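Please read them with the structure open.

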Amino acid sequence: MTGARRLPWALVLAGALLAGCGGGEGDDEGSGEGGAPELSVTGAYLPEPVNPEVAGGFLTVHNAGGTDDALVSVSSDLTGSVEMHETVENAMRRVGELPVPAGGALALERGGSHLMFVDLAEPPVEGDVVTVELRFEVSEPLTVEVPVESATHTGGEHEDHGGHGGHEGHGEDGEAGEEHSP
Ligand SMILES: [Cu+2]
């Protein structure tokens, strides 16, 4: 009889250990940690391009959620070709995605990462509004109405007061052959 009592205990212990190991990966529904990305866009603008075939676009994507996301593609009514560029040591290069970290933001700004509208049939002019669709790895697409501003507009932060010739940004070595930032 005493021997028969020990067996159930062993099974209970084994069961508890298995549950403890298997439940740790958060595959049970309703894991409260994280939460979906919550994206919003602020500060979007598109400076009137100096080069009539190429325009840069700037905005900030905020992620108030608990999961990382990434901007993976962009489309627009301005042109069929919108690229994502990052700037490294004053040279820009095309990238396949731009991260939007959880609890953080993706800032697209002059001298940094930006959208690039290429092969423009007709250059946008100040006062126009360009419709841009942003598509993400996780979140649903966002449509943003982007106002076209003057060529020297810099969003809310007037760091250089436009007094230094306004040649901030990339493409000055001409290697890329597409200067789109004044
Ligand atoms: Cu660019």
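1. Overall pattern. Along the sequence, the protein chain reads α-β-β-β-β-β-β-β-β-β-β. The secondary structure therefore amounts to 1 helix and 10 strands, taking helices and strands as DSSP runs. The model is a predicted one, and the points below should be read accordingly.

2. Confidence. The protein chain has a mean pLDDT of 80, with 67% of its residues at 70 or more. The pLDDT falls below 50 over residues 12–32, a stretch that has 3 contacts in the model beyond near neighbours in sequence. Residues 158–178 also have a pLDDT below 50, but that stretch has 28 contacts in the model beyond near neighbours in sequence.

3. Among contacts in the protein chain with a separation of 6 or more, 73% are between residues 24 or more positions apart. Of the 182 residues in the protein chain, 25% count as buried.

4. Nonpolar core. In soluble globular proteins, nonpolar side chains tend to be buried together. The largest nonpolar core here has 26 residues, and the members touching the most other members are Val61, Leu71, Val74, Leu106, Leu115, Phe117 and Val130. Which residues does Leu115 touch, not counting those up to four places away in sequence? They are Gly56, Gly57, Val74, Val82, Met84 and Leu108. Val74, in that list, is also one of the core members named above.

5. Strand E4 and its partners. E4 runs antiparallel to E8, and 5 bridges join the two. In this pairing Ser81 is opposite Val118 of E8. E4 also pairs with E5 in the antiparallel sense, over 5 bridges. There, Glu86 faces Arg93 of E5 as its opposite residue.

6. The E4–E5 hairpin. The hairpin of E4 and E5 has 2 residues between the strands, and Glu89 takes a positive phi near 50° in it. Asn90 lies in the loop between strand E4 (81–88) and strand E5 (91–95). Asn90 is not a glycine, yet its phi is positive, at about 65°. Is Asn90 buried or exposed? Asn90 counts as exposed because it has 12 C-beta neighbours inside 10 Å, and the cut-off for exposed is 12 or fewer.

7. Asp119. Most residues other than glycine have a negative phi. Asp119, which is not a glycine, has a positive phi of about 55°. Asp119 sits in the loop between strand E8 (114–118) and strand E9 (129–136). With 11 C-beta neighbours inside 10 Å, Asp119 counts as exposed.

8. Pro101. Where is Pro101 found? Pro101 is in the loop between strand E6 (98–100) and strand E7 (105–108). Pro101 counts as partly exposed because it has 13 C-beta neighbours inside 10 Å, whereas a residue is exposed at 12 or fewer and buried at 20 or more. Leaving out residues up to four places away in sequence, Pro101 touches Asn63 and Asp68. The C-alpha atoms of Pro101 and Val61 are 9.7 Å apart, with the two residues 40 apart in sequence. Val61 is one of the core members listed in point 4.

Definitions and conventions: Residues are numbered from 1 along each chain as its sequence is written. Helices (H or I, at least four residues) and strands (E, at least two) are DSSP runs, numbered from the N terminus. Two residues are in contact if their C-beta atoms, placed from the backbone, lie within 7 Å. pLDDT is the predictor's confidence in each residue, from 0 to 100. A nonpolar core is a set of buried Ala, Val, Leu, Ile, Met, Phe, Trp, Tyr and Cys residues joined through C-beta atoms within 7 Å. Two strands pair if DSSP finds at least two bridges between them.
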